[in-house]
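Visitor: I am new to this structure. Could you show it to me and take some questions?

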Amino acid sequence: MSNELYNTIARVTDGIYEGIAIGGDVFPGSTLSDHILRFNNIPQVKMMVVLGELGGRDEYSLVEALKQGKVNKPVVAWVSGTCARLFKSEVQFGHAGAKSGGEMESAQAKNQALRDAGAVVPTSYEAFESAIKETFEKLVEEGKIPPVKEVTPPQIPEDLNTAIKSGKVRAPTHIISTISDDRGEEPCYAGVPMSSIVEQGYGVGDVISLLWFKRSLPRYCTQFIEICIMLCADHGPCVSGAHNTIVTARAGKDLVSSLVSGLLTIGPRFGGAIDDAARYFKDAYDRGLSAYEFVESMKKKGIRVPGIGHRIKRGDNRDKRVELLQKFARTHFPSVKYMEYAVQVETYTLSKANNLVLNVDGAIGSLFLDLLAGSGMFSKQEIDEIVEIGYLNGLFVLARSIGLIGHTFDQKRLKQPLYRHPWEDVLYTK
């Protein structure tokens, strides 16, 4: 009842100063007239609104106060429960006090008594709001209540989840991903659904082209990527990466630890020459340097030409892997200008020493430049960015991981003991 009344008053007046709910208990702490008389003495209160109910006689204390002239401010009142007379037997409404104990306790009798005493009493509850409004507006007209400008309530911000769903806002993100998405019915690589990848017979090279380059490269490109992975998967147990992996595996470490120990050796002297070869070959070719000018300028800087030189292979004993890559490129690539430039550099370096051959790092580095430039799918800026970021080194890391995992399994399958380097292979000196 209080909530309903407060809502009604708020709609038609400038607000509520104080609201009291007395209730109809047998021993109430205060009476209706106690509060009306108190409000009558508060200057800020200009009118009183009373909502009573059938049962009890508390409203009559207010009636007496009105008759005695103790209340000089307007009182708008209504006693609910007038519908009780529609029932043939006595009906209790709500709590114990809401039950008429006789004619005087009926809603009709109390409403009439209040009306006779000078209170503003409407003819029904539906008219209660209008009575309050009319009384308030009369006080405003008489100047007893100064008008209060209506304050527009602040707009409550929309719930974030609702706003996100409607597309009005997006929550700040901590990670940005442009290569894969697993929010839909199936995961997607660069927008290509997983089902399409399987159904169309995509290979590892195709997956790399989607996840690394964010586009589907021609088949000869993805096939070249796969050949590079196969040729670089392993290079025996003696290279630093494989050696570290073997030692770690024999120490009883897990697969990931063994793999990582080998991968951590990849750098400028092991694997990293692919990136450097591509970078230097591209710079020299794009600047129009001859093989002689390129090699001699590197010599003056004290920099070895990346991709040139081998510990075992010679001019008369070429690396089979290099020959396979060159043969494939000459057959399938639209252009092999960077590779041919690398061959010109090799021709010049072989005139200096028989072991300064084009190695597999140099072959992959130069041919990858031809792949990017010849496919017509990458701008010059994109090619420079791919080389600078280190995509080619990523190819070596991916390929060599296959071999390092194989060495880990090999050592565990053979149940090899903890590795200890032999004393005779160490030069002890002071």
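Guide: Let us start with Thr408, which lies in helix H18 (residues 391–413). Helices here are DSSP runs of H or I with at least four residues, strands are E runs of at least two, and both are numbered from the N terminus. This is a predicted model: local features need pLDDT of at least 70, side-chain atom pairs count only at pLDDT 80 or more, and totals for chains, interfaces and linings use all residues. Residues are numbered from 1 along each chain as its sequence is written, and side-chain values use heavy atoms, with hydrogens and water left out.

Visitor: Is Thr408 buried or exposed?

Guide: Buried means under 20% relative accessible area, exposed over 50%, and partly exposed in between (1.4 Å probe, protein chains only). Thr408 has 0% relative accessibility, so Thr408 counts as buried.

Visitor: Which residues is Thr408 in contact with, leaving aside its neighbours within four places in sequence?

Guide: Contact means heavy atoms within 4.5 Å. With those neighbours set aside, the contacts of Thr408 are Thr245, Ala249, Leu255, Ser258 and Leu259.

Visitor: How many residues apart in sequence are the parts tied together by Glu59 and Lys110?

Guide: Glu59 and Lys110 meet in a salt bridge, 2.8 Å from N to O. Glu59 lies in helix H3 (residues 58–67) and Lys110 in helix H4 (residues 107–117), so the parts they tie together are separated in sequence by 51 residues.

Visitor: Are those two side chains buried or exposed?

Guide: Glu59 has 8% relative accessibility, so Glu59 counts as buried. Lys110 is at 1%, which means that Lys110 also counts as buried.

Visitor: Where does Arg215, the partner of Glu382, lie?

Guide: Glu382 and Arg215 form a salt bridge, with their closest N and O atoms 3.3 Å apart. The pair links distant parts of the chain, 167 residues apart. Glu382 is in helix H17 (residues 380–389), and Arg215 is in the loop between helix H8 (204–213) and helix H9 (219–232).

Visitor: Which residues touch the most other members of the largest nonpolar core?

Guide: A nonpolar core is a set of buried Ala, Val, Leu, Ile, Met, Phe, Trp, Tyr and Cys residues joined through side-chain atoms within 4.5 Å. The largest has 59 residues. Those touching the most other members are Phe281, Phe294, Leu325 and Phe368.

Visitor: Which helix gives this core its largest share?

Guide: The largest share is 9 residues, and these come from H9.

Visitor: How far apart do the C-alpha centres of domain 1 and domain 2 lie?

Guide: The bounds come from an automatic or database domain assignment. That assignment gives domain 1 (1–142) and domain 2 (240–414). Their C-alpha centres are separated by 95 Å.

Key:
A salt bridge is a side-chain nitrogen of Lys or Arg within 4 Å of a carboxyl oxygen of Asp or Glu.
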